[in-house]
Amino acid sequence: MARDMQQQPFQLYYDFLTAELQKTNTGHSSFANVLSALEDFQKNIEQGFYAEELKNHGWDIARSLAPYIQTLQLGPCDEVTLLNGKATGLLRILAEISNPREFVMFSLEYLDSMKTDEDGRESHAKNRSMLFISYGSALSIALRHIRTKKLSAFLNNAFSTVLSYASTEDWLNVDINSSPTNCSENLLQFYFGFLNELLPVIRAAHQLADQNERRRLDALSKYYITSLCETIFSGMALTKRSNDVQQLLDLAGRAEFDVLELLRQSALTSSASIQCLPPLGCSVFVSLAVTDSQYPALRKRSVMPYVLDSVWLFKASLTHVDYLVMDGHSNTAEKGLCLLQVLLWRLDGECFSCGPLSESSGSSLALHTMVETLLNFMATTSNHSQRQLCFSLFKRLMQHFDDSSRAWTVKHMIEESSFPSVQVAGLSVLKDYVHKYWQDGHLDHATRPPSLFMGHAISQTFLKPLFDVRSNIYTSGKDTQHSVLSSDAVLMERSTLLMHVLNLYLYLLMRDSPEVNHTGVWRAEHLDRTSRKLINPLRERVAAVQDTFNQVLHSESQDEEAMRAKLTILLMDNVLERIVERIRFGRKDSGQPVS
């Protein structure tokens with residue numbers, strides 16, 4: 001066929017070729033015919049025929065090759081594979097010999113049209129991916145041949161078009177326990193290769209460009225990498241994707257994308273992004289660079305120098321931890337928690353202050369915001385393991401607060417949070433610190449400043465508001481007009497909180513003594529007020545609820561929920577009885593009047 005057609009005008013040959021392609025695509029011709037046509041076409045190209053015409057019309061023939069690059073089962077599997085390979089090879093040849101500007105414009109238009117195709121069938125998604133990778137690769141070939149002083153304009157359009165396709169893929173639902181599909185893995189490798197193949201072109205253009213063009217070229221590489229982080233890696237579970245992370249960071253190293261630039265900007269502005277880069281992508285990139293610094297690619301490319309001041313790194317990364325955890329998706333939050341884990345591991349000793357929002361600025365404000373985000377995440381996430389990790393990291397973070405910051409944080413959790421689970425966590429942390437300070441001998445105020453978690457300060461700082469029955473600990477989150485002392489429903493709703501408060505009080509009464517009274521809990525006025533306003537009224541309410549439960553359980557079947565509620569009330573009554581008994585014996589031993 002090559003001999004027959006090579007002397008014909010290009011238009012005749014073009015009409016013949018496109019007709020053959022169309023006939024096979026509609027099922028009116030055989031695979032053998034179209035394969036023969038493509039082989040003859042390649043021979044014509046290799047022999048130099050129609051070179052000038054193909055410069056201007058190669059893109060049009062490239063469009064006709066699309067049906068044969070897909071995996072449509074129009075024939076036997078071997079023939080389909082052979083035809084796919086031949087069509088893909090010809091597409092790359094056309095990208096090499098065609099007018100690069102014309103071919104780039106065609107490729108951008110063709111790739112952009114693929115975003116509107118919403119056929120959700122798995123087979124069709126695979127076909128779309130093959131087309132996208134093939135025509136995207138051809139686009140990169142044509143871009144390498146463009147000669148212009150404004151390469152950034154072409155790259156900007158190319159990067160935007162190529163990256164927009166990634167948002168149509170369901171990267172977020174790649175299961176943490178599943179291996180990546182061939183489709184998603186091929187796409188990811190394409191994205192790595194696309195920028196990697198263009199980096200030499202960018203460097204060459206960089207040397208000849210003016211200052212503004214150099215700035216644009218630098219920004220485009222960073223935009224591409226952070227966009228991959230935002231679109232693909234933000235929702236990708238990293239447990240089984242360490243090789244992909246390594247490739248991404250290696251690519252960033254070759255692109256001379258220094259993560260310190262992001263961190264410096266974050267430290268100065270408390271912002272998660274610089275210039276026009278996607279903020280979530282910047283935060284994901286920081287997380288990957290910091291947490292995966294053990295990879296040889298990182299050390300080789302110096303994406304993340306390990307020798308950094310740990311306090312500076314912590315402060316510079318606060319906004320990124322906050323942004324990742326706040327995102328809400330479990331795989332994104334995973335990156336934020338892993339980043340925080342590494343940052344805390346590098347710290348040593350007390351470093352930070354955290355207080356009310358009105359008194360915060362700079363890194364203190366960023367720390368305050370991150371504390372709020374961590375507390376909100378603990379209260380709202382449905383991922384149990386991440387909730388536990390978050391709470392563990394939160395307690396480790398508090399170890400790096402000064403004493404007043406710890407006290408403010410605990411009070412904030414207990415008194416101001418709208419989440420009962422956060423209030424319970426605050427009470428748990430409070431008891432841990434009271435116990436720790438007592439065990440560590442912080443009672444000696446002559447050699448160290450008194451702690452807010454010890455001495456009479458604990459009564460004023462924590463116990464006074466804790467025993468105020470008007471606080472939100474004792475009222476319903478839905479109906480603040482009713483409290484545990486006036487409503488059985490509120491008593492059961494707040495039972496967990498109450499048990500923590502009562503156990504803390506019992507602990508202090510047992511550890512302290514009327515003779516020493518380090519904490520002030522044995523002052524007569526404190527005992528009288530607490531017994532009168534809280535302990536005695538609560539005992540009466542618990543007794544009434546017990547009578548109600550006894551009547552219900554005798555008249556109806558003993559369902560599991562009722563039995564759990566009765567057990568809760570029994571435990572509360574037991575703790576209250578022990579508190580009253582401890583107060584009675586303590587007063588008797590110290591000579592105080594016993595009520």
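Buried here means under 20% relative accessible area, exposed means over 50%, and partly exposed is in between (1.4 Å probe, protein chains only). You're looking at a predicted model, where local features need pLDDT of at least 70, side-chain atom pairs count only at pLDDT 80 or more, and totals for chains, interfaces and linings use all residues. Residues are numbered from 1 along each chain as its sequence is written, and side-chain values use heavy atoms, with hydrogens and water left out.

Start by selecting Phe190: at 7% relative accessibility, it counts as buried.

Rings of Phe, Tyr and Trp (its six-membered ring) pair if their centres lie within 6.5 Å; planes under 30 degrees apart are stacked, over 60 edge-to-face, the rest tilted. The Phe190 and Phe194 centres are 5.6 Å apart with planes at 50°, so this pair is tilted.

Next, show Phe159. With Phe194 it makes an edge-to-face pair, 6.2 Å centre to centre and 65° between the planes. Phe159 belongs to helix α9 (residues 151-166) and Phe194 to helix α10 (residues 182-208), so the pair links distant parts of the chain, 35 residues apart.

Zoom out a bit: ring pairs join Phe132, Phe159, Tyr165, Phe190, Tyr191, Phe194 and Tyr224 into a cluster.

Last stop, Tyr507 in helix α24 (residues 495-511). Tyr507 is buried at 15% relative accessible area, and its C-alpha is 8.9 Å from that of His435, 72 residues away in sequence.

Conventions:
Helix = DSSP H or I, 4+ residues; strand = E, 2+ residues; numbered from the N terminus.
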